[in-house]
Amino acid sequence: MTNLNEILQDKIRLYDQENGTELARFVAFLERGKVYEGNEARFFHIGKTGELLQKYGMKGDITIGRSAFSQRHTVVGHQLDDNDWIKVIKNINNPLAIAEYLPKKEKSFRLYTTIALEGNVVCVGVTLKKTKNNVEICNIGTAFWRDIRKIGNSENEILIYPEP
């Protein structure tokens with residue numbers, strides 16, 4: 001009988017093969033407690049931007065580095081496991097909403113998506129910043145108490161998708 005960990009590893013391998021990504025290396029990094037090994041590259045290629053993100057100017061590979069992790073996802077005792085991280089990464093190209101940070105010259109965006117966590121639907125905010133050729137995930141944090149009506153209605157961000 002195949003255990004859950006083997007099923008998860010098979011899903012990761014398949015995702016990497018289909019997308020030319022390094023999700024397996026990223027998960028190994030998480031399992032090591034977010035510690036790099038030797039001369040390991042500091043960024044992980046975890047996906048490519050899809051049509052929706054490209055429509056709003058986010059193009060190229062999606063990368064993530066160690067500095068992206070927010071401590072907020074553990075504030076109320078919830079911990080994202082490897083499978084949760086994979087769900088967040090897979091949902092990046094299918095966000096519920098996209099907000100652009102102000103001032104616009106910074107070229108940063110906040111994507112909002114959801115995952116099921118401990119029997120609850122949790123809103124996950126993913127901050128992306130455009131680089132020269134790619135898009136870098138700068139921060140991931142669950143927004144347990146985020147009021148969806150407030151997305152884009154602040155001094156810091158404007159809602160760009162769905163279009164207001």
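User: Is glutamate 22 buried, exposed or something in between, and what is its relative accessibility?
Analyst: Glutamate 22 counts as partly exposed, at 29% relative accessibility; buried means under 20% relative accessible area, exposed over 50%, and partly exposed in between, with a 1.4 Å probe and protein chains only. This is a predicted model, where local features need pLDDT of at least 70, side-chain atom pairs count only at pLDDT 80 or more, and totals for chains, interfaces and linings use all residues. Residues are numbered from 1 along each chain as its sequence is written, and side-chain values use heavy atoms, leaving out hydrogens and water.

User: Which side chain meets glutamate 22 in a salt bridge?
Analyst: That of arginine 25, at 3.3 Å from N to O, where a salt bridge is a side-chain nitrogen of Lys or Arg within 4 Å of a carboxyl oxygen of Asp or Glu. Glu22 and Arg25 also belong to a network of salt bridges with Arg32, Glu37 and Glu40.

User: How many salt bridges by this rule?
Analyst: The count comes to 7. One of them joins glutamate 163 to lysine 55, with the closest N and O atoms 3.4 Å apart.

User: Where do those two sit in the chain?
Analyst: Glutamate 163 lies in the segment after strand E7 (157–161) and lysine 55 in helix H3 (residues 51–55), 108 residues apart; helices (H or I, at least four residues) and strands (E, at least two) are DSSP runs, numbered from the N terminus. Both glutamate 163 and lysine 55 are exposed.

User: Switching topic, what does leucine 23 contact beyond four places in sequence?
Analyst: Leucine 23 is in contact (heavy atoms within 4.5 Å) with Ile12, Tyr15, Asp16, His45, Ile46, Ile86 and Ile89.
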